[in-house]
Amino acid sequence: MSRPSSPLLIMSTIGLWLACMAGPALASTITFGFEGELVQAGGPNGLTLGDPFTGTFAYTLEQSGTSISGGGTQYVLDAFALTLLGQTVSSSGGNVRIYNQPSSNALAGDRLHLNIDPTTTTATVAGSINGAPVAEFYLALVNLSGSPFVDESLPHTLNIMNFPDLKRVDLIFSPGYGAVIGEITNVSVVPLPTAAWLFIEGLIGLGLWGVGTERLKAS
């Protein structure tokens with residue numbers, strides 16, 4: 001006997017198909033968005049204190065880190081981008097460094113550092129602000145006395161309130177163009193793409209449909 005079509009099955013199939021079309025959307029990459037304003041504007045002309053910026057950075061959660069001399073663990077940064085005055089500068093590659101250090105250590109407290117500089121040979125930096133090409137990025141979240149990190153694994157969430165001692169981003173331009181420093185006022189996880197939610201919904205739907213089918217067979 002033919003099995004009747006189910007709206008739940010149709011929804012599940014569509015969700016799975018869309019997710020397959022999306023491809024890498026389901027990779028274990030987490031993206032954070034951040035925002036803030038400039039507190040030092042020593043870069044190209046046209047930038048002033050208080051200019052707002054937004055940005056994102058992303059890394060793959062399931063990766064192995066390497067120990068850093070003096071403490072800390074380093075990982076690979078997938079991407080970084082910052083938009084200022086409607087102009088975006090970005091990088092693929094770079095380093096993520098996580099420190100979970102006791103107060104007796106020279107690198108006291110808990111820290112998250114992002115580094116994209118000449119020593120990160122895998123990084124590709126692109127873009128300019130007011131005609132000044134970007135050369136390096138830095139981002140630091142620091143808590144000198146608290147413990148927002150339980151270990152030195154990559155965090156799944158970040159709360160700006162947990163880093164009262166430093167929450168800054170540095171944008172360094174090509175020689176002769178100076179640098180700017182921004183104070184980060186908010187950071188949060190960017191939600192999963194729609195296709196990912198459809199895929200999850202599809203998996204749940206297939207599971208529920210399978211349970212319903214077994215119940216029909218048993219009746």
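Leaving aside neighbours within four places in sequence, Ser91 is in contact (heavy atoms within 4.5 Å) with Asp78, Ala79, Phe80, Ile116, Ala123, Thr124, Val125 and Phe137. The structure is a predicted model, in which local features need pLDDT of at least 70 and side-chain atom pairs count only at pLDDT 80 or more, whereas totals for chains, interfaces and linings use all residues. Residues are numbered from 1 along each chain as its sequence is written, and side-chain values use heavy atoms, with hydrogens and water left out. Ser91 lies in strand E6, where helices (H or I, at least four residues) and strands (E, at least two) are DSSP runs numbered from the N terminus. Ser91 counts as buried because its relative accessibility is 4%, the classes being buried under 20% relative accessible area, exposed over 50% and partly exposed in between, with a 1.4 Å probe and protein chains only.

Strand pairing, for which DSSP must find at least two bridges between two strands, places E5 (residues 79-84) alongside E2 (residues 52-60) in an antiparallel arrangement joined by six bridges, and Gly55 has Leu82 of E5 as its bridge partner. E5 also pairs with E6 (residues 87-92) in the antiparallel sense, over six bridges, and here the bridge partner of Phe80 is Ser91.

Not counting residues up to four places away in sequence, Phe80 touches Phe34, Thr56, Phe57, Val89, Ser90, Ser91, Leu114, Ile116, Phe137, Leu139 and Val169. In soluble globular proteins, nonpolar side chains tend to be buried together.

Most residues other than glycine have a negative phi. Leu85, by contrast, has a positive phi near 55 degrees, and its place is in the loop between E5 and E6, a hairpin with two residues between the strands. With a relative accessible area of 41%, Leu85 is partly exposed. Asn130, in the loop between E10 (128-129) and E11 (132-143), likewise takes a positive phi, near 50 degrees, and is partly exposed, with a relative accessible area of 34%.
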